[in-house]
Amino acid sequence: MSSKAAIRYAKALFALGKEEQRLASLRRELESLAGLLEAHSELRETLLTPLYPAEERKAVLLEVSNRAELSPLLLNFTAYLIDRRRLIDFDDICAEFNRL
C-alpha cells in the first residue's frame, strides 16, 4: 500500500500532466524512468540514497533525463522529489499515478 505522501505526489503530477494535456506521454516517461531505475541498480542507489548531496543527484538526474529524453515536467518533478527526500517513494508514486 502506498504512503499518503506518494498518493499526494501522484495526484499532483497527474494534475500537472492533465493541465499540459500530456498524460499519455507522461505515463510513458514514468515507465521509462522506472525501467531505468530497475535495470541499473547503481543509478537507483545514486539517485535514491541521501548519502550523496542533492545537487549531485540532480546532476545525475539531468544527464539521465537528457539521454532518455524526459520532459522538463518530469525532470522538474523528479528533482523536486530529490529536494524533498521523497524519491524513495518513486515506485509508489508511479503505481498511484497509473491508478488515476
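Student: What should I know before I start?

Tutor: Residues are numbered from 1 along each chain as its sequence is written, and side-chain values use heavy atoms, leaving out hydrogens and water. As the model is predicted, local features need pLDDT of at least 70 and side-chain atom pairs count only at pLDDT 80 or more, while totals for chains, interfaces and linings use all residues.

Student: At what angle do the axes of helix α1 and helix α5 cross?

Tutor: Axes are lines fitted to C-alpha atoms, for helices over the stretch in contact, with angles from 0 to 180 degrees between N-to-C directions. Here α1 (residues 4–19) and α5 (residues 72–83) come within 11 Å and cross at roughly 160°. That makes α1 roughly antiparallel to α5 (over 145 degrees).

Student: Which residues of α1 and α5 meet?

Tutor: Contact means heavy atoms within 4.5 Å. Tyr9, Leu13, Leu16 and Gly17 of α1 meet Leu73, Leu74, Phe77, Tyr80 and Leu81 of α5.

Student: Which residues are buried in helix α3?

Tutor: Buried means under 20% relative accessible area, and exposed over 50%. In α3 (residues 41–48), Leu43, Leu47 and Leu48 are buried. They cover an arc of only 110° around the axis, so they sit on the same side of α3. The face turned away from that buried side carries the exposed Ser41 and Glu42.

Student: Where does Glu69 lie?

Tutor: Glu69 is in the loop between α4 and α5. Its phi is positive, about 55°, although Glu69 is not a glycine. With 69% relative accessibility, Glu69 counts as exposed.

Note on methods:
Helices (H or I, at least four residues) and strands (E, at least two) are DSSP runs, numbered from the N terminus. Angles under 35 degrees count as roughly parallel, over 145 as roughly antiparallel, 65 to 115 as roughly perpendicular and the rest as oblique. Buried means under 20% relative accessible area, exposed over 50%, partly exposed in between (1.4 Å probe, protein chains only). The arc is that of the directions from the helix axis to the C-beta atoms.
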